[in-house]
Amino acid sequence: MTRKATHFDILDVPGAPEVTPKALFGMDREALASLLAEMGESAWRGRQLAEAIYVQRLTSINDITTLPLALRGRLTREGWEVGRPAIVQVFRSVDGTERYLVQGQSSGAKGVPETVETVWMPEGDEGEAGDGTEAGSDKRWERATICVSSQVGCAVNCQFCLTAKLGLQRNLGAGEIAGQVVAVLERQGVEIGKDRLNLVFMGMGEPLLNYDNFMGAVRLLVEEVGLSPLRMTVSTSGIVPGIESFGREPAEIRPKLAISLNAPNDAVRSEVMPVNRKWPIEAVIDAVRKVPLRPRERITFEYVLLGGVTNQPEHAREVARLVRRTGLPAKVNLIAWNPGPGIPYEMPAAGSVERFRDLLAAEGVPVYLRRPRGRDIYAACGQLKRTLES
Ligand code: SF4
């Protein structure tokens with residue numbers, strides 16, 4: 001009997017691969033050298049392979065012409081592939097922001113491929129009017145920011161965040177995290193060492209709850225791809241053991257740290273971010289104080305303004321006192337909350353965001369207003385949920 005084809009018929013095709021292919025992407029040069037050494041090759045071939053996949057950004061073993069044909073053939077026969085995560089869908093905003101669905105290296109339940117979201121913001125995240133007036137210009141971007149995901153979904157359950165609605169599906173591997181960056185570098189033709197590029201680990205997921213893979217990705221991006229850790233910022237909801245481990249990382253590979261504060265005190269923060277019940281503000285600040293900062297480095301406090309909940313003048317004064325009390329060199333990044341389906345908050349009233357900024361500035365706290373980017377394509381902060389509508 002012939003059954004009508006359904007989605008699941010397609011997914012359950014006999015012989016469909018259920019195991020993760022053997023991916024070279026994600027291995028550093030030492031791991032690549034050991035792999036090749038097991039095949040009887042010299043260690044320097046590992047460097048060639050790393051150069052090919054991380055610097056030349058090649059995605060097919062066949063194209064790695066620095067390796068002898070026989071070796072390429074053997075790697076392929078033994079089931080190896082470059083296996084870099086791929087951009088499978090692109091949403092483009094009127095403001096030039098692009099949101100990508102990136103397919104990772106592992107398969108999800110029943111072999112369903114899982115995608116994560118990565119966002120490209122040309123001109124950084126502070127420099128545009130945010131109203132689309134720059135769209136259509138032929139001017140090449142002068143600086144840009146890539147927002148990177150660290151998990152499929154998230155377990156932290158911040159009440160204002162769309163990603164939280166997914167729950168945690170799984171951790172991404174180091175290659176899947178670094179691969180989002182390299183796939184975007186390739187798409188945008190970024191020249192390392194020449195173009196001004198920032199990375200923010202602020203996409204889907206809590207990086208410090210996937211610590212080893214997150215830091216593994218940072219190591220690949222610094223040591224193999226050639227990006228500076230001083231141009232990377234990781235944002236955490238306040239995972240104290242993760243912050244403590246982070247503080248012990250060598251300065252040469254440690255990104256800058258941002259704390260997603262989002263509330264003026266523990267009472268409000270516990271409502272908005274239930275993780276605060278486990279690690280309240282003082283515990284987080286204590287852990288941050290142990291992170292050895294480099295010259296001129298500052299801690300960023302991210303603060304999402306929720307209409308009526310966290311955007312009142314008394315909240316601004318309380319945040320100023322809190323930041324001063326930390327004794328840390330710090331700045332505050334304000335973000336007007338971006339609406340999302342099923343999230344019970346309101347956008348802050350017009351004028352309240354500027355008033356909040358002015359109050360902090362008047363109290364002597366360095367403060368920046370992050371302009372909303374890619375709101376029309378669900379690419380803005382807290383909106384990443386693999387939304388398929390553009
Ligand atoms: S804001 Fe970040 S940590 Fe909080 S639920 Fe969303 S993705 Fe997770």
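Tyr211, Phe214 and Met215 in helix H6 meet Gly242, Ser245 and Phe246 in helix H7. Sorted by class, the residues of this H6 and H7 contact are four nonpolar, two polar and no charged. H6 covers residues 211-225, and H7 covers residues 240-247. Their axes come within 11 Å and cross at roughly 35°. The crossing of H6 past H7 is right-handed. All of this is read from a predicted model.

Now step back to the whole chain. It has twelve helices and 14 strands. There are 390 residues, and 53% of them count as buried. Consider the contacts in the chain with a separation of 6 or more. Residues 24 or more positions apart account for 70% of these.

Helix H11 spans residues 313-326, and helix H12 spans residues 352-362. The axes of H11 and H12 come within 9 Å. They cross at roughly 35°. H11 passes H12 in a right-handed crossing. On the H11 side, the contact is made by Pro313, His315, Ala316, Arg317, Val319 and Ala320. On the H12 side, Arg355, Phe356, Leu359 and Leu360 take part. By class, the residues of the H11 and H12 contact are seven nonpolar, one polar and two charged.

Next comes the ligand. Which residues surround the ligand? They are Cys154, Val156, Asn157, Cys158, Cys161, Ala164 and Gly205. Five residues of this shell are nonpolar, two are polar and none is charged. Cys154 has a relative accessibility of 11%, so it counts as buried, under the 20% cut-off. Cys161 has a relative accessible area of 17%, and it is therefore buried too. How many disulfides does the model contain? The count comes to zero.

Asn157, also in the ligand shell, sits in the loop between strand E7 (151-153) and strand E8. Is Asn157 buried or partly exposed? Its relative accessible area is 39%, so Asn157 is partly exposed. The backbone of Asn157 has a positive phi of about 70°, although Asn157 is not a glycine.

Gln169 is partly exposed because its relative accessibility is 40%. Gln169 and Cys154 are 15 residues apart in sequence. In space, their C-alpha atoms are 7.3 Å apart.

Another residue with a positive phi is Arg57. The phi of Arg57 is about 60°, and Arg57 is not a glycine. Where does Arg57 lie? It lies in the loop between helix H3 (44-55) and helix H4 (69-77). At 11% relative accessibility, Arg57 counts as buried.

Turn now to helix H5, which runs over residues 174-188 and holds Val184. The relative accessible area of Val184 is 0%, so Val184 is buried. What does Val184 touch, not counting residues up to four places away in sequence? Its contacts are Ile87, Tyr100, Thr118, Trp120 and Ile146. Val184 can also be placed relative to Glu98. The two are 86 residues apart along the chain. Their C-alpha atoms are separated by 9.9 Å.

The last stop is helix H8, residues 266-272, where Ser270 has its place. Ser270 has 13% relative accessibility, so it counts as buried. Leaving out residues up to four places away in sequence, Ser270 touches Asn276 and Arg277.

Then come the ligand and its shell, which includes Cys154, Asn157 and Cys161. Val184 in helix H5 and Ser270 in helix H8 complete the tour.

How values were computed: Residues are numbered from 1 along each chain as its sequence is written. This is a predicted model: local features need pLDDT of at least 70, side-chain atom pairs count only at pLDDT 80 or more; totals for chains, interfaces and linings use all residues. Side-chain values use heavy atoms; hydrogens and water are left out. A residue is near a molecule or strand if one of its heavy atoms lies within 4 Å of it. Ala, Val, Leu, Ile, Met, Phe, Trp, Tyr, Cys and Pro count as nonpolar, Asp, Glu, Lys and Arg as charged, and the others, Gly among them, as polar. Axes are lines fitted to C-alpha atoms, for helices over the stretch in contact, and angles run from 0 to 180 degrees between N-to-C directions. Helices (H or I, at least four residues) and strands (E, at least two) are DSSP runs, numbered from the N terminus. A crossing is left-handed if the near helix is turned anticlockwise from the far one by less than a right angle, and right-handed if clockwise. Contact means heavy atoms within 4.5 Å. A disulfide is a pair of cysteine sulfur atoms within 2.5 Å. Buried means under 20% relative accessible area, exposed over 50%, partly exposed in between (1.4 Å probe, protein chains only).
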